[in-house]
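The sequence and the model come first.

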Amino acid sequence: MMALLVARDLRQAWQSAGLWLPVAFLLLVASLYPFAVGPDAALLRRSGGGMLWIAALLASLLPVDRLIAPDRDAGVLDQIALRGVGEETLMLARLIAHWLGFGPALMIATLPASALLKLDGATVWMLELGLLIGTPALAALGLLVASLTAGLRSSGALAGLLALPLAVPLLIFGAGTLGDGSGAALKFLGAASLLLVAITPFAAGAAIRAGRE
Amino acid sequence: MSGVALRLSGIACARGGRLLFRGVDLALEQGESALLRGPNGIGKSSLMRICAGLLRPIAGTIERRGRIALADERLALDLEEPLAQALGFWARLDGADGHALDGALEAMALGPLVGIPVRMLSTGQRKRAALARVIASGAELWLLDEPGNGLDDASLELLGAAVAAHLARGGIVLAASHQPLPMKSPVVIDLAAYVAEEAA
């Protein structure tokens, strides 16, 4: 049943071309950044990693408005609930599908983006590791705000406003891993990620239920 | 389908801080049906959602024995997918086999449309698709909210035949409908009789 729900969500994301959007966004930012700050390789190398973290965070917010609201309006969430599937289970499936949809793609897109910003091998490695730990949290955050704002007017803008403050710890620890040799930032990133991933199915499920009233 | 039942007692419903109705009692055993009547906005759909367990009543208790299938005004089918695939998702989620879905598609005369994306279907065809999902689900309790809306005469007959067959198998049907459905002596609930009077 879980596999069925995940497969359906992924198929939906693929059909709405939502899978390409974060990748295109990340590559666009990475290719524009050198134009803005100049082609100084040392500067790019120093600031490029953090820039990519910002790009990854914003890219993860792009598909937020179609994560919950369309299915809620079409009655899909109600029909699934009728079949005895708990909202928490549904949200967990959706979280997995959402991460599969943009996490790996973002990590692959980071490779050419790193080349554009002249990042060295160690930084790229650390960036990929950080994204592997951080993107599930970004997916969880996106899903959480999507479920909270579904059904509201101009929910997309509101979702952004809600998500960005909550994403600050991820950004600090994520970008912090790049200049940190001790591994502490990585552990904090892991902790923040675990927390968000663990509470999201329950919080989002409660939001869906409350939204029915 | 033994032990199938839908029992409501003393159900009251409030929406947006306004009491819609109260004191609704209903007891349906296998093979029985009920018809919900009342003017627009009186709370027929809300009562349907309460029966489905999607909405909590502010008072009263509900007892459901059997699985529930709901067909309301929302299609809940993926618009870009061919009809067979869109319905297939729900059939798999229901644990129904392929024969159940084929039978349901045939019962609603949707056979020729299975390869067409849902977004290309007309209003009546979409309604039939939603009804086919109810039929394929194998659920014992059918909740049909305006099932006849948008259906032509031939499709109404198909709907009637499906409802009659479900009742004959011992299922339960609760319908809110302006069109006549071939239900033998349904319990008629006129929601207007349960409207809460404003405190004088």
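Predicted model: local features only at pLDDT ≥ 70, side-chain atom pairs only at ≥ 80, totals over all residues.

The contact between the chains draws on 14 residues from chain A and 16 residues from chain B, where two residues are in contact if their C-beta atoms, placed from the backbone, lie within 7 Å. On the side of chain A that touches chain B, the elements giving two or more residues are helix H1 (2–15) and helix H5 (76–82) of chain A, and H5(A) gives the most, with 5 residues. Helices here are DSSP runs of H or I with at least four residues and strands are runs of E with at least two, numbered from the N terminus.

| Class, side of chain A touching chain B | Residues |
|---|---|
| Nonpolar | 6 residues |
| Polar | 4 residues |

Residues are numbered from 1 along each chain as its sequence is written, and chains are lettered from A and ligands numbered from 1 in the order in which they are written.

Chain A has 9 helices and 0 strands, and buried residues make up 45% of its 213 residues, a residue being buried if 20 or more other C-beta atoms, placed from the backbone, lie within 10 Å of its own. Along its principal axes, the C-alpha trace of chain A spans about 60 × 35 × 30 Å.

Within helix H7 (residues 121–149) of chain A lies Thr135(A), which is buried, with 26 other C-beta atoms within 10 Å. Apart from neighbours within four places in sequence, Thr135(A) is in contact with Trp99(A), Gly103(A) and Leu106(A).

In chain B, 5 strands form an open sheet with parallel pairing, in the order E5-E6-E7-E3-E8, two strands being paired if DSSP finds at least two bridges between them. Strand E5 (68–71) and strand E8 (187–190) of chain B stand at the edges, each with a single partner strand, so one side of each is left without a neighbour in the sheet. Strand E3 (residues 33–37) of chain B is joined by 4 bridges to strand E7 (residues 172–176) of chain B, running parallel, and Leu174(B) in E7(B) is the bridge partner of Ala34(B).

Terms used. Buried ≥ 20, exposed ≤ 12 C-beta atoms within 10 Å, placed from the backbone. Nonpolar A, V, L, I, M, F, W, Y, C, P; charged D, E, K, R; others polar.
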